[in-house]
Amino acid sequence: MSGDMSGDVTTDASTDASTDASTDASTDAPGSAAAPGDAGAPVPSIVVDGVSKRFTLRHARSIREMTIRALRRQRLSETFDALDGVSLTLHRGETVALMGLNGSGKSTLLKLMSGVMSPDAGSVRVRGRIAGLIDVGAGLHPDLTGRENVYLNAAILGMSEAETRRKFDAIVEFSGVERFLDNEVRFYSSGMFMRLAFSIAAHTEPDIFLIDEVLAVGDPPFREKCLERIRELRGEGRTMVIVAHDIPMLTRLCDRGVTLRQGRIVFDGDPAEAGRLWLEDRRARQTADRPGKS
Ligand SMILES: Nc1ncnc2c1ncn2[C@@H]1O[C@H](COP(=O)(O)OP(=O)(O)O)[C@@H](O)[C@H]1O
Ligand SMILES: [Mg+2]
């Protein structure tokens, strides 16, 4: 998923957006260099404040199932807190690894940051242009060709047509899919799909780049290229949030690690320590899942 947000964007749990105090939007244009006076001081890029997100899990999909469950006095649905009171401030130029077991709420948090979902409680404030590679699909349209997707997706990410035309060759070259550029992307392998999506997003010069598990899809040489590009973006002072399963890679790449456990932040600091906690959770889950152990 992807989206462009110009200036400050607040996604708030309350329906009355006017109550939110995000009125400093106009003072800081998207993509602008550090405003005068803030040299050295960390500039907030994403502010997540007391955010909760609740999903309803439906157990009955048909009227028949509903009737059976009702007769048995079983619940038809239950609610589930994917995020529970999460607060987190990310600063401009930080590269943050988001870690946690499957189901701990990482993708939900990235979706709230990118604005494709809004929180049930709390608020998310984002400053600058945001590009997200969240979930496979990553904003590409299956019925369009690779070429058409470059223009469409770049536009969604906030690039003008002239800008896209200028960067087109670089995007295509980086992706390595030039031979298939005029084929519909539905025929692409998941690796090709991801290469193109990553390449477009990485060339839109986002202020904030959210990367959810896509690095695992590409082949090793392309993955290296992606990491190289991430390091470049990092060097340019972009804010990055990365979800991946490779702890050594995350530790090398990131300057901050945040570990989620069942929708709550349990650690925020040294990436190596964040990774250690996550490994601990993984071992505990594996032990719990092992057959024969009661
Ligand atoms: N749209 C949805 N509807 C219902 N439950 C959801 C939805 N999206 C996520 N969840 C649930 O919320 C929890 C957190 O999911 P997610 O944020 O995808 O975790 P992670 O990315 O860490 O694996 C999971 O238990 C998942 O099943
Ligand atoms: Mg996920």
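Guide: Let's start with the ligand. The residues around ligand 1 are Phe 55, Leu 57, Ala 82, Gly 100, Asn 102, Gly 103, Ser 104, Gly 105, Lys 106, Ser 107 and Thr 108; a residue makes the list if its C-beta atom, placed from the backbone, lies within 6 Å of the molecule. Two elements, strand 2 (44-58) and helix 2 (106-114), each give two or more residues to this shell. Helix 2 gives the most, with three residues. Helices here are DSSP runs of H or I with at least four residues, strands are runs of E with at least two, and both are numbered from the N terminus. By class, the shell around ligand 1 has seven polar residues, three nonpolar and one charged.

Some housekeeping before we move on. This is a predicted model: local features need pLDDT of at least 70 and side-chain atom pairs count only at pLDDT 80 or more, while totals for chains, interfaces and linings use all residues. Residues are numbered from 1 along each chain as its sequence is written, with chains lettered from A and ligands numbered from 1 in the order in which they are written.

As for confidence, pLDDT is the predictor's own score for each residue, from 0 to 100. The protein chain has a mean of 83, and 85% of its residues reach 70 or more. Element by element, strand 10 has the highest mean pLDDT (97) and strand 1 (residues 8-12) the lowest (70). Over residues 15-38 the pLDDT is below 50, and that stretch has 28 contacts in the model beyond near neighbours in sequence. A contact is a pair of residues whose C-beta atoms, placed from the backbone, lie within 7 Å.

Zooming out, the protein chain has eight helices and 10 strands. Of its 294 residues, 37% are buried: buried takes 20 or more other C-beta atoms within 10 Å of a residue's own, exposed takes 12 or fewer, and partly exposed is in between, with C-beta atoms placed from the backbone. Among contacts with a separation of 6 or more, 73% link residues 24 or more positions apart.

Helix 5 is largely enclosed by the rest of the structure because 12 of its 14 residues are buried. Its cover includes strand 6 (130-134), helix 3 (146-156), helix 4 (161-175), strand 7 (208-212) and helix 6 (220-235). In the loop between helix 5 and strand 7 sits Glu 205, a non-glycine residue with a positive phi near 50°. Glu 205 counts as partly exposed because it has 17 C-beta neighbours inside 10 Å.

Helix 8 (residues 271-289) gives another picture. With 19 residues, it reaches 27 Å end to end in C-alpha terms, close to the 27 Å expected. Its buried residues are Pro 271, Ala 274, Gly 275 and Trp 278. Strand 4 (95-99), helix 7 (247-253), strand 9 (256-261) and strand 10 (264-269) are among what covers the buried residues of helix 8.

Phe 267 shows how that cover works up close. It lies in strand 10 and, beyond four places in sequence, Phe 267 is in contact with Val 258, Thr 259, Glu 273, Ala 274 and Leu 277. From Phe 267 to Leu 277 is 10 residues along the chain and 8.1 Å between C-alpha atoms. Phe 267 itself counts as partly exposed, because it has 18 C-beta neighbours inside 10 Å.

Key. Expected span 1.5 Å × (residues − 1). Contact = placed C-beta atoms within 7 Å. Nonpolar A, V, L, I, M, F, W, Y, C, P; charged D, E, K, R; others polar.
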